[in-house]
Protein chains: 4
Amino acid sequence: MSLAVEITDTFEELRDTVARLHGELTRYELVIWTAGNVSARVPGHDLMVIKPSGVSYDELSADTMVVTDLYGEVVHGDLAPSSDTAAHAYVYRHMPEVGGVVHTHSTYATAWAARGEPIPCVLTMIADEFGGDIPVGPFALIGDDSIGRGIVETLRAGRSPAVLMRNHGPFTVGRTARDAVKAAVMVEDVAKTVHIASALGTPEPLSGQDIDRLYARYQNVYGQQGEK
Amino acid sequence: MSLAVEITDTFEELRDTVARLHGELTRYELVIWTAGNVSARVPGHDLMVIKPSGVSYDELSADTMVVTDLYGEVVHGDLAPSSDTAAHAYVYRHMPEVGGVVHTHSTYATAWAARGEPIPCVLTMIADEFGGDIPVGPFALIGDDSIGRGIVETLRAGRSPAVLMRNHGPFTVGRTARDAVKAAVMVEDVAKTVHIASALGTPEPLSGQDIDRLYARYQNVYGQQGEK
Amino acid sequence: MSLAVEITDTFEELRDTVARLHGELTRYELVIWTAGNVSARVPGHDLMVIKPSGVSYDELSADTMVVTDLYGEVVHGDLAPSSDTAAHAYVYRHMPEVGGVVHTHSTYATAWAARGEPIPCVLTMIADEFGGDIPVGPFALIGDDSIGRGIVETLRAGRSPAVLMRNHGPFTVGRTARDAVKAAVMVEDVAKTVHIASALGTPEPLSGQDIDRLYARYQNVYGQQGEK
Amino acid sequence: MSLAVEITDTFEELRDTVARLHGELTRYELVIWTAGNVSARVPGHDLMVIKPSGVSYDELSADTMVVTDLYGEVVHGDLAPSSDTAAHAYVYRHMPEVGGVVHTHSTYATAWAARGEPIPCVLTMIADEFGGDIPVGPFALIGDDSIGRGIVETLRAGRSPAVLMRNHGPFTVGRTARDAVKAAVMVEDVAKTVHIASALGTPEPLSGQDIDRLYARYQNVYGQQGEK
């Protein structure tokens with residue numbers, strides 16, 4: 001594989017970060033076997049770092065990560081990139097504010113996606129992180145830009161960092177890869193809680209005003225100063 | 001951060017205890033990411049020890065814990081305290097018998113909270129630990145004393161150490177932080193068992209008399225002598 | 001505590017075995033906090049080894065185990081025995097073929113117990129291990145022989161090594177403590193599978209003849225020669 | 001046990017591989033106690049390597065694995081082979097393209113089997129790996145060729161590598177033992193997701209054309225070049 005890119009320290013660190021973040025997907029049981037992936041935009045370049053295809057999570061390291069351009073062409077790395085690379089690349093091309101993308105088939109989020117139902121905003125945690133209902137994206141086949149376009153169009157219509165792709169599974173985005181992983185963890189958690197709440201009755205919805213207040217506070221006040 | 005409080009050995013031990021007790025929240029999968037917190041009243045002072053905001057459970061140690069007064073003002077520690085500090089502080093100000101407070105968004109307990117339904121006392125384990133149905137508290141926005149007031153008013157109306165805050169999640173209290181963590185573990189366990197029992201029929205309720213006998217025995221006889 | 005019993009090597013080994021077997025309860029998530037216990041009959045003595053009350057699973061070792069007679073009176077050990085000791089002791093007094101007893105509040109088995117419904121024999125695994133439906137025992141308060149009597153009367157009416165005590169949880173027995181633990185693991189597993197099967201329809205029952213054939217084969221052929 | 005076969009390096013490696021693959025069954029919680037098994041055809045011989053009966057997963061190693069001919073007769077190893085050996089052997093005799101077989105009683109797949117319902121192809125992941133609905137096989141008693149015949153007849157009628165044996169549990173096959181384990185992990189994952197999706201409504205089916213496209217792509221393009 002041609003070395004079209006010089007691997008600097010920053011690069012090395014980003015590949016290591018992306019490799020390690022896959023550990024959060026297994027820790028929270030969002031993925032099985034090799035079926036989920038994290039990517040990060042390389043700051044200052046039209047490049048991204050992404051998981052290789054079909055490689056198990058135990059074997060991931062900075063060295064096995066693949067670097068591609070924003071059309072999914074490999075510029076560094078010995079392995080073929082994730083089969084979802086085209087979708088990640090499309091998101092980076094069309095959402096410049098996004099620095100990280102995650103895709104899983106996590107159980108409860110995928111169950112909502114299989115029915116084509118958005119997750120209603122009935123928990124303060126949903127208002128905090130997603131700012132409203134978590135939307136459903138279109139059914140799209142892998143192989144061209146259909147999945148990427150479906151993600152971007154759905155996310156642009158609201159403020160949720162997560163979209164449930166129909167019959168497929170969730171994609172999440174964030175300012176950084178870590179933020180996108182956090183959204184992937186949280187979308188599964190709330191998908192499960194709202195599923196369980198809905199199994200025995202109807203959860204009470206939050207008002208739009210309460211959702212707006214919670215979202216504004218969480219996005220601006222939560223965590224340590226200067227970190228977020 | 002000003003050192004308004006001298007950190008004695010007892011203090012150090014309490015900070016270590018509170019840091020370690022967060023490990024029980026992850027062990028029993030009551031929390032994801034950074035979304036849950038434990039606090040302890042400092043015996044003999046109008047102070048409490050609480051988790052810092054937005055810090056992951058892997059990074060917690062005695063040193064990262066925050067000490068605040070009972071209005072949530074930091075008196076020791078380099079980090080901002082949990083965004084739920086006001087609720088914990090309100091509980092300590094109004095319930096002098098309480099030495100520990102825990103908040104999680106554990107899945108099944110939060111599902112009952114999303115429907116605004118108390119967990120019915122249909123298991124000996126619920127009678128033992130909670131002494132009756134586990135009550136629902138009001139919906140309250142973060143940012144002032146509303147959550148704390150909702151917790152205290154609901155808990156004072158019965159003998160349960162747990163309250164399911166509507167659309168939000170459970171808060172539990174105890175004589176010590178360890179007791180509050182135990183109640184957090186148990187409220188999720190019984191929330192799950194009763195959910196599952198209710199999914200295929202109607203669990204049989206215990207009589208008030210049986211509940212009273214079980215509660216009295218468990219509170220007074222269980223465990224090692226002189227420990228509880 | 002008086003040393004009424006000489007602790008021989010065999011004794012020591014049994015205390016170690018019982019302590020270690022609690023690790024299977026936590027491994028399979030059948031218990032939380034301190035809420036479940038294993039005991040073993042001491043071969044050749046009217047004695048049993050049982051978990052101490054209210055001690056966490058991380059702290060169990062041969063030394064912390066308690067030895068009691070078959071009326072629950074402590075004959076060796078520094079700690080108070082499990083609050084379920086009377087039930088275990090009653091079983092050993094009335095079922096001489098039983099060498100081990102286990103009690104948990106495992107989630108799905110307890111859910112069936114809360115509705116007072118036996119688990120129907122709709123899986124080959126249930127026929128193999130339980131030889132038919134898994135029966136429900138009566139509701140009984142802790143404090144006298146009621147629980148023990150309920151267990152024994154229910155188990156004697158069939159060939160299942162497990163009974164679902166109403167509003168309480170499962171008790172299992174075995175030729176050895178290890179066999180009783182195996183039954184505790186399996187009762188939760190099949191309770192979960194049959195619950196899930198029943199949530200979307202009605203599982204097909206096995207015929208009595210098929211159940212008898214499966215049970216006979218599993219009890220006599222399975223495993224290594226001479227081991228079972 | 002007679003040493004009818006010389007244990008070469010290749011043999012040794014295969015026994016080690018089969019022993020280790022059982023670790024994936026426990027990692028993904030597809031099995032409890034000793035209730036599940038992996039086997040592999042020995043390339044170039046009419047032999048297979050399989051788990052010993054009733055031995056716990058912690059104790060498995062290359063040395064404890066059993067080698068049998070394709071009628072289940074032991075040719076190497078000190079232990080009795082899995083009680084499911086006849087079923088594995090039947091598959092190898094009748095499906096020459098199969099190099100690995102796995103059997104579990106994983107919870108959600110077994111729940112579909114208990115109702116005798118195929119898992120409908122409503123997820124891209126099902127189309128990818130299973131190429132359509134995941135079929136149900138007949139009820140069959142252990143002890144002769146009934147189970148093996150039921151597996152082979154059901155698998156031959158379609159392209160799924162998994163069959164849900166009625167009232168029993170899933171069997172999966174693959175070109176290698178690793179592929180069969182992957183199918184076992186995936187059948188449980190999609191069994192769970194589709195169960196949950198179906199609990200609150202009806203998941204939308206994929207069209208036959210979309211299923212064919214997804215299957216063709218996944219079988220030919222996914223993973224690293226030359227690996228699959």
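1. In this predicted model, helix 2 of chain C passes helix 5 of chain C in a right-handed crossing. The residues that helix 2 of chain C brings to the contact are Ala87(C), Tyr90(C), Val91(C) and His94(C). Helix 5 of chain C contributes Ile147(C), Gly148(C), Arg149(C), Ile151(C), Val152(C) and Arg156(C).

2. The geometry of the pair in chain C may be stated as follows. Helix 2 covers residues 85-94 of chain C and helix 5 covers residues 146-156 of chain C; their axes come within 8 Å and cross at roughly 45 degrees. Helix 2 of chain C is therefore classed as oblique to helix 5 of chain C, given that angles under 35 degrees would count as roughly parallel and those of 65 to 115 as roughly perpendicular.

3. Chain A has its own packing of helix 2 (residues 85-94) against helix 5 (residues 146-156), at an angle of about 45 degrees and with the axes 7 Å apart. Because of that angle, helix 2 of chain A is oblique to helix 5 of chain A. The crossing of helix 2 of chain A over helix 5 of chain A is right-handed.

4. The contact in chain A draws on Ala87(A), Tyr90(A), Val91(A) and His94(A) from helix 2 of chain A. From helix 5 of chain A come Ile147(A), Gly148(A), Arg149(A), Ile151(A), Val152(A) and Arg156(A). The residues of this contact divide into six nonpolar, two polar and two charged.

5. Helix 3 of chain C, residues 107-115, is mostly covered, with nine of its nine residues buried. Among the buried residues are Trp112(C), Tyr108(C) and Arg115(C), together with Thr107(C) and Thr110(C). The alanines Ala109(C), Ala111(C), Ala113(C) and Ala114(C) are likewise buried.

6. What lies over the buried residues of helix 3 of chain C? The cover includes helix 6 (177-199) of chain B. From chain C itself, strand 7 (162-165), strand 8 (169-174) and helix 6 (177-199) also take part. Just after helix 3 of chain C, Gly116(C) adopts a positive phi of about 65 degrees.

7. For chain A, an unreviewed UniProt entry places the feature "domain: Class II aldolase/adducin N-terminal" at residues 16-195. In the model, the end C-alpha atoms of residues 16-195 of chain A are 35 Å apart. The span is 38% helix and 18% strand.

Note on methods:
Residues are numbered from 1 along each chain as its sequence is written. Chains are lettered from A and ligands numbered from 1 in the order in which they are written. This is a predicted model: local features need pLDDT of at least 70, side-chain atom pairs count only at pLDDT 80 or more; totals for chains, interfaces and linings use all residues. Side-chain values use heavy atoms; hydrogens and water are left out. Buried means under 20% relative accessible area, exposed over 50%, partly exposed in between (1.4 Å probe, protein chains only). Helices (H or I, at least four residues) and strands (E, at least two) are DSSP runs, numbered from the N terminus. Contact means heavy atoms within 4.5 Å. UniProt positions are given in the numbering used here, feature names are shortened, and annotations may be inferred rather than shown by experiment. Axes are lines fitted to C-alpha atoms, for helices over the stretch in contact, and angles run from 0 to 180 degrees between N-to-C directions. Angles under 35 degrees count as roughly parallel, over 145 as roughly antiparallel, 65 to 115 as roughly perpendicular and the rest as oblique. A crossing is left-handed if the near helix is turned anticlockwise from the far one by less than a right angle, and right-handed if clockwise. Ala, Val, Leu, Ile, Met, Phe, Trp, Tyr, Cys and Pro count as nonpolar, Asp, Glu, Lys and Arg as charged, and the others, Gly among them, as polar.
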